[in-house]
Amino acid sequence: MVLSGLFLLAGKPAQAKSTAWAPDALTARQQSIVTISALTARGDLPRLHKALADGLAAGLTVNEEKEVLVHLYAYCGFPRSLNGLNTLLKVLEERKAKGITDVVGKTASPITSTAPKYERGKKNLETLTGKPETGPKTGYSAFSPEIEVFLKEHLFADLFERDVLTFSERELVTIAALVSLGGVEPMLQ
């Protein structure tokens, strides 16, 4: 249901095999992460407003929802990320006016590693993909080595090292955004 809902949000037919997914595969929190990510990527602010409130009710903290929205800027840009953050602010103001006190949650721990960001990002990417980052660069990374550095240092070090969300939760954010954006099927691999 969530996966097919994600494909419906993206305007794509669900093509998942029935044996590859079960309706209870994602928790309510994870379903909220997927929905918030998809709606932010699409820029559907009215539905995002409701999804953010539903996410808080499903057990996401304010900082977890904030982290989802911050993570999304790397995939759908600052305009969508900032619109999402402003929508979250509105949701929180409305809930506060109704006397609802939301759990703020933990803030990201400082990153204390002194290892070079490129190497930390490379290691995180290897953990995520299960593949070593070895050999000569090809494709976009050979053509534009600077983007390879940006991806490793910023996306996979600066963002993925933040501990408010797990790697699995960040991957849910990423996949939901990419499916919702459409036209980026090679990235989904």
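Student: How far apart are the end C-alpha atoms of H4, and what would a straight helix reach?

Tutor: A helix may be judged by setting its end-to-end distance against 1.5 Å a residue. H4 has 36 residues, and a straight helix would reach 52 Å, but the end C-alpha atoms of H4 are only 16 Å apart. Please bear in mind that the model is predicted.

Student: Where does H4 bend?

Tutor: The bend lies at Cys76 and comes to about 140°. A proline, Pro79, follows within four residues. Just after H4 comes Gly99, with a positive phi of about 85°.

Student: What does the same test give for H8?

Tutor: H8 covers residues 167-181, and its 15 residues should span 21 Å at 1.5 Å a residue; the end C-alpha atoms are 21 Å apart, so expectation and model agree. Gly182 follows H8 and has a positive phi, near 75°.

Student: What is the overall secondary structure of the protein?

Tutor: There are nine helices and zero strands. Of the contacts with a separation of 6 or more, 71% join residues 24 or more positions apart.

Student: How is burial to be read, and what share of the protein counts as buried?

Tutor: A residue is buried when its relative accessible area is under 20%. By that rule, 36% of the 189 residues of the protein count as buried. In H8, the buried residues include Leu172, Val173, Ala176 and Ala177, and also Glu169 and Arg170. In H7, they are Glu148, Lys152, Leu155, Phe156, Ala157 and Leu159. The cover over these H7 residues includes H4, H5, H6 and H8.

Student: Why does Ala177 count as buried?

Tutor: Ala177 has 0% relative accessibility, and therefore counts as buried. This residue belongs to H8. Setting aside neighbours within four places in sequence, Ala177 is in contact with Ser37, Ala41, Leu72 and Tyr75. Ala177 and Thr40 are 137 residues apart along the chain, yet their C-alpha atoms are separated by 7.7 Å.

Student: Is Arg95 buried or exposed?

Tutor: Arg95 counts as buried because its relative accessibility is 15%. Arg95 sits in helix H4. Beyond residues up to four places away in sequence, Arg95 touches Ala53, Leu56, Ile100 and Asp102.

Student: How much space lies in the largest pocket, and which residues are closest to its centre?

Tutor: The largest pocket holds about 1,200 Å³ of space. It is lined by 32 residues, of which Leu125, Tyr140, Leu151, Phe156 and Met187 are the closest to the centre. Helices H4, H5, H6, H7, H8 and H9 each give two or more residues to this lining.

Student: Which element gives the largest share of that lining?

Tutor: H7 does, with eight residues. By class, the lining of the largest pocket has 18 nonpolar, eight polar and six charged residues.

Terms used:
Residues are numbered from 1 along each chain as its sequence is written. This is a predicted model: local features need pLDDT of at least 70, side-chain atom pairs count only at pLDDT 80 or more; totals for chains, interfaces and linings use all residues. Side-chain values use heavy atoms; hydrogens and water are left out. The expected span of a helix is 1.5 Å times one less than its number of residues. Buried means under 20% relative accessible area, exposed over 50%, partly exposed in between (1.4 Å probe, protein chains only). On a 1 Å grid over the protein atoms alone, a cavity is a set of points where a 1.4 Å probe fits but cannot get out, and a pocket is an open set with protein on both sides within 12 Å along at least five of seven lines; lining residues have an atom within 4 Å of a point. Grid points are joined across faces, edges and corners, and a volume is the space filled by probe spheres set on the points. Ala, Val, Leu, Ile, Met, Phe, Trp, Tyr, Cys and Pro count as nonpolar, Asp, Glu, Lys and Arg as charged, and the others, Gly among them, as polar. Contact means heavy atoms within 4.5 Å. The bend at a residue is the angle between axes fitted to the seven residues ending there and the seven starting there.
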